[in-house]
Amino acid sequence: MASKPRTLYEKIWDAHVVERQDDGTCLIYIDRHLVHEVTSPQAFEALRLAGRKVRRPDLTLAVPDHNLPTTARTAADGSRLPIKDAQSAAQLAALEANAPSFGIDYIDAVAPEQGIVHVVGPEQGFSLPGTTIVCGDSHTAAHGGIGALAFGIGTSEVEHVLATQTLLLRPSKTMEIRVEGELGPGVTPKDLILHIIGMIGTAGGTGHVIEYRGEVFERMSVEGRLTVCNMSIEGGARAGLIAPDESVFRYLEGRPYAPIGEDWDRAVRWWRSLATDEDAEFDKSVVIQATDIEPTVSWGTSPEDVVAIGGKVPSPDSFGDPSKREAVRKSLDYMGLVPDTPMEEVAVENIFIGSCTNSRIEDLRAAADVLKGRRKAPGVRWAIAVPGSGLVKRQAEEEGLDRIFIDAGFEWREPGCSACLAMNPDKVPPGERCASTSNRNFVGRQGPGSRTHLLSPAMAAAAAVTGRLTDVRKLMGE
Amino acid sequence: MEAVSTIEGRAIPLGLKNIDTDVIIPAHWLKTVSREGLGKGAFETIRQTPGNPFDVEDFVGAPILIAGDNFGCGSSREHAAWAMLDLGLTAVIAPSFSDIFSGNAFKNGILAVELPQEQVDRLLEVAKDHPITIDLENQVVTTPFQDRFAFEIDPFRKHCLMGGLDEIGLTLERDAAIENHEKQRAAGLPWLDTPNKNRREHA
């Protein structure tokens with residue numbers, strides 16, 4: 001029997017169906033579960049109260065990231081420094097106790113492997129192509145970059161996965177985003193995904209899983225793919241993925257949790273069979289010309305509020321939809337921006353290079369390339385570089401990138417989520433602007449009253465140097 | 001989870017689009033290890049604005065919220081649902097919801113009712129002075145006037161909500177099927193199991 005052509009998503013889904021109910025709801029097996037300190041304590045507590053155990057502790061990995069201060073974690077004598085915020089300390093202590101008591105592997109706050117959960121998963125080879133990966137964090141979509149079906153879940157679902165290693169789900173619709181042509185110089189995966197979200201809107205992918213297709217993605221590094229897939233949720237899609245290929249296999253081979261020997265060969269054979277079949281159909285399809293994309297920045301309080309760096313702050317009147325017009329007016333008021341101001345005239349006081357979107361070694365290299373031999377502008381009050389993991393940090397230091405950041409006036413920090421969501425002490429002060437490589441420019445996201453401009457690591461470095469949002473291409477090759 | 005059938009009462013006419021979960025509960029409230037007490041932080045930035053609908057006396061303790069498109073977009077934090085429950089909200093009416101939020105709402109017995117924008121606009125108007133009723137069994141939203149707006153809901157979710165069912169309990173009853181899947185998986189894709197074994201061998 002010739003089977004119906006299927007997409008990458010459909011192949012992964014089908015391989016994980018435990019049972020299908022008459023109403024279409026499926027019990028889906030979960031291969032990998034990542035746990036951090038913020039969305040798990042209530043789940044562990046509920047298991048304990050119900051007398052339930054973790055079904056497959058071997059398929060779960062825990063690491064703290066959201067709450068950890070990014071300042072030094074150990075004293076000169078090697079002892080652990082206490083965390084000042086009592087609530088943060090309690091939440092971290094809960095994970096540190098819960099993981100071993102339920103038999104789960106735990107990477108502690110001072111381990112060299114510690115980092116942002118979405119950096120750690122692929123880096124450790126815990127995240128693998130063709131697997132279902134969940135975590136109580138919406139940016140789990142990132143792991144789609146290695147060809148996994150990865151999505152964020154709430155705490156009740158965390159508890160459900162811990163207890164049963166499954167989730168009750170309905171299949172999503174499929175959406176293809178095909179990018180044709182090549183990205184220009186200075187245009188990065190971050191610019192591409194910001195541009196995509198601007199096109200489809202923050203609800204454009206709701207109910208869908210996105211597959212990113214086209215040569216741009218085939219040529220893109222694995223780290224770049226992780227950046228793109230990471231922000232799928234900002235386009236409303238719970239997951240986004242890219243077909244696993246040789247680049248992914250090379251990236252994963254030999255990593256600590258990855259299969260080895262004969263298992264590795266078998267795994268690669270299966271992974272190669274997952275690419276979308278030629279005649280498979282998508283429910284929705286969007287085609288984008290790569291040459292249309294320029295370095296992109298956000299101006300508002302929603303990730304769909306983006307414009308090319310050469311553009312201007314839009315006027316509310318330029319939007320057709322009355323409710324969007326009202327939202328834009330509110331956004332500009334919050335952001336302290338005047339319509340028609342060229343984006344390059346917007347001054348910034350803070351620079352944040354980090355987050356699960358842009359804190360991997362290539363991101364730090366791209367920023368360091370721009371910063372080398374330069375210094376942050378006098379108007380830039382605070383600039384921090386926060387590596388995505390201890391291993392990224394070590395690699396960067398081996399390459400001397402830490403010196404470049406420090407010489408440019410940046411603080412070189414310990415790994416964690418940091419100023420992306422400002423749960424730890426790294427906050428942007430009220431009314432101040434931040435050029436940020438993170439993923440959300442929501443009201444108050446980087447601290448109450450903070451004003452966020454999303455951009456790529458190279459663009460963040462350029463803004464640090466000039467003190468304004470700046471087209472990085474003007475600083476390249478100088 | 002408590003069984004849900006009919007929700008009746010005042011509805012807060014908020015009406016904004018793209019209410020993200022950072023707006024529903026800002027990150028600094030997430031440092032808790034409990035599900036309780038988050039109502040204090042619910043919609044914090046909106047509630048700091050003078051004249052916001054949450055401050056109107058008639059809406060204190062209202063069980064329903066009416067919002068715009070794409071309600072609950074952003075983070076997966078279930079704290080958003082817990083904060084709303086703690087504030088007394090057990091239903092949200094909006095033209096659309098983010099996927100993760102609607103799942104989190106459902107797990108906590110909060111009804112997420114999707115209605116077309118025109119009907120939401122009508123309810124925003126009525127809600128200023130009158131109560132609204134959501135009848136889950138008959139899948140209809142009514143007002144004291146002639147309005148009768150039918151809504152769709154996933155039949156499995158409806159069944160769980162009306163029965164107050166514990167989803168984990170239900171899934172645990174499927175243990176044999178899960179075990180069977182695990183056996184097939186171990187035979188076909190054995191490298192998926194015990195990833196930390198490889199880690200030890202590498203070390």
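**View 1. Contacts of A:I351 in the predicted model.**

**View 2. The largest nonpolar core.** This core holds 198 residues. A:I351 is among those with the most contacts inside it, together with A:A367, B:I66, B:V92 and B:I93. Helix 15 of chain A, residues 457–466, supplies the largest share of the core, 8 residues. In soluble globular proteins, nonpolar side chains tend to be buried together.

**View 3. Where chain A meets chain B.** On the chain A side, 65 residues are in contact with 55 residues of chain B. Helix 5 of chain A gives the largest share of the chain A side, 7 residues. Elements that each supply at least two residues include strand 1 (17–20), strand 2 (26–29), helix 3 (86–101), helix 5 (155–164) and helix 11 (322–335) of chain A. By class, the chain A side has 25 nonpolar, 26 polar and 14 charged residues.

**View 4. The surroundings of A:G207.** A:G207 sits in the loop between helix 6 (189–200) and strand 10 (208–213) of chain A. Not counting residues up to four places away in sequence, A:G207 touches A:S172 and A:K173, and also B:D99 of chain B. A:G207 has 19 C-beta neighbours inside 10 Å, so it counts as partly exposed; a buried residue needs 20 or more.

**View 5. A:G207 and A:W271.** These two residues are 64 residues apart in sequence. In space, A:G207 and A:W271 are 25 Å apart, C-alpha to C-alpha.

Definitions and conventions. Residues are numbered from 1 along each chain as its sequence is written. Chains are lettered from A and ligands numbered from 1 in the order in which they are written. This is a predicted model: local features need pLDDT of at least 70, side-chain atom pairs count only at pLDDT 80 or more; totals for chains, interfaces and linings use all residues. Two residues are in contact if their C-beta atoms, placed from the backbone, lie within 7 Å. Helices (H or I, at least four residues) and strands (E, at least two) are DSSP runs, numbered from the N terminus. Ala, Val, Leu, Ile, Met, Phe, Trp, Tyr, Cys and Pro count as nonpolar, Asp, Glu, Lys and Arg as charged, and the others, Gly among them, as polar. A nonpolar core is a set of buried Ala, Val, Leu, Ile, Met, Phe, Trp, Tyr and Cys residues joined through C-beta atoms within 7 Å. A residue is buried if 20 or more other C-beta atoms lie within 10 Å of its own, exposed if 12 or fewer, and partly exposed in between; C-beta atoms are placed from the backbone.
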